[in-house]
Amino acid sequence: MEQFKAKTVPVKAGGMKINFGKGFTISGVTGIIHSGDREIVASVAGNTLSITGSGLNILRLDVESGEADIGGSLYSLKYTKGMSGASFFKRLLK
């Protein structure tokens, strides 16, 4: 009987670099849950990062390296431990 080994990809710790007037870079990104011009919700190292602002857009997303470059004006950040997708679905069903 043949045995298969699951490929594990290490999750890098999340971080953020803000270049005032030029946007910002997020590290540790494993995916984008929601993207709009006023809010972006990203999965970061198994947790959820909600970004609010105006004119937000994803300039570059590389899930292999875990980096995302985001442009626009940043108003607030909310970091939640664990995945919090329920709030997105509540907004969707309003």
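The structure is a predicted model, in which local features need pLDDT of at least 70 and side-chain atom pairs count only at pLDDT 80 or more, while totals for chains, interfaces and linings use all residues. Residues are numbered from 1 along each chain as its sequence is written, and side-chain values use heavy atoms, with hydrogens and water left out. The chain contains 1 helix and 6 strands, and these follow the pattern β-β-β-β-β-β-α along the sequence.

**Confidence**

- The mean pLDDT of the chain, where pLDDT is the predictor's confidence in each residue from 0 to 100, is 77, and 70% of the residues reach 70 or more.
- Confidence is highest in strand 5 (residues 47–62), at a mean of 92, and lowest in helix 1 (residues 86–92), at a mean of 53.
- Over residues 4–11 the pLDDT is below 50, and this stretch has 2 contacts in the model beyond near neighbours in sequence; a contact means heavy atoms within 4.5 Å.

**Fold and core**

- The helices and strands named here are DSSP runs, numbered from the N terminus, with helices being H or I runs of at least four residues and strands being E runs of at least two.
- Among contacts between residues at least 6 apart in sequence, 41% join residues at least 24 apart.
- Of the 94 residues in the chain, 27% are buried, where buried means under 20% relative accessible area, exposed means over 50%, and partly exposed lies in between (1.4 Å probe, protein chains only).
- The largest nonpolar core has 11 residues in all, namely Phe24, Ile26, Val29, Ile40, Ala42, Val44, Leu49, Ile51, Leu56, Ala68 and Ile70.
- At least two residues of this core come from each of strand 2 (23–27), strand 4 (39–44), strand 5 and strand 6.
- A nonpolar core is defined as a set of buried Ala, Val, Leu, Ile, Met, Phe, Trp, Tyr and Cys residues joined through side-chain atoms within 4.5 Å.
- In soluble globular proteins, nonpolar side chains tend to be buried together.

**Surface**

- The chain exposes about 6,700 Å², and carbon and sulfur atoms supply 56% of this area; accessible areas come from the Shrake-Rupley method with a 1.4 Å probe, and for residues only the protein chains shown count as cover.
- Met16, Ile18, Phe20 and Leu77 make a nonpolar surface patch of about 410 Å².
- Patches are made of residues with over 30% relative accessible area and no salt bridge, with like charges joined within 9 Å and nonpolar side chains (Val, Leu, Ile, Met, Phe, Trp, Tyr) within 5 Å.
- Leucine 77 lies in strand 6 (residues 67–80), and this residue is partly exposed, with a relative accessible area of 41%.

**Salt bridges**

- The count comes to 2 salt bridges, a salt bridge being a side-chain nitrogen of Lys or Arg within 4 Å of a carboxyl oxygen of Asp or Glu.
- Arginine 60 forms a salt bridge with glutamate 67, the closest N and O atoms being 2.9 Å apart, and arginine 60 also forms one with aspartate 69, where the closest N and O atoms are 2.9 Å apart.
- Arginine 60 is partly exposed, with a relative accessible area of 31%, and glutamate 67 is partly exposed, with a relative accessible area of 31%.
- Side chains of opposite charge can pair when their charged atoms come close.

- Leucine 61, found in strand 5, is partly exposed at 41% relative accessibility, and beyond its neighbours within four places in sequence it is in contact with Val29, Ile32, Glu67 and Ala68.
- Leucine 74, found in strand 6, is partly exposed with a relative accessible area of 29%, and beyond its neighbours within four places in sequence it is in contact with Ile18, Phe24, Ile51 and Thr52.
- Glutamate 39 lies in strand 4 and is buried, with a relative accessible area of 18%; glutamate 39 and leucine 56 are 17 residues apart in sequence and 6.9 Å apart in space, C-alpha to C-alpha.
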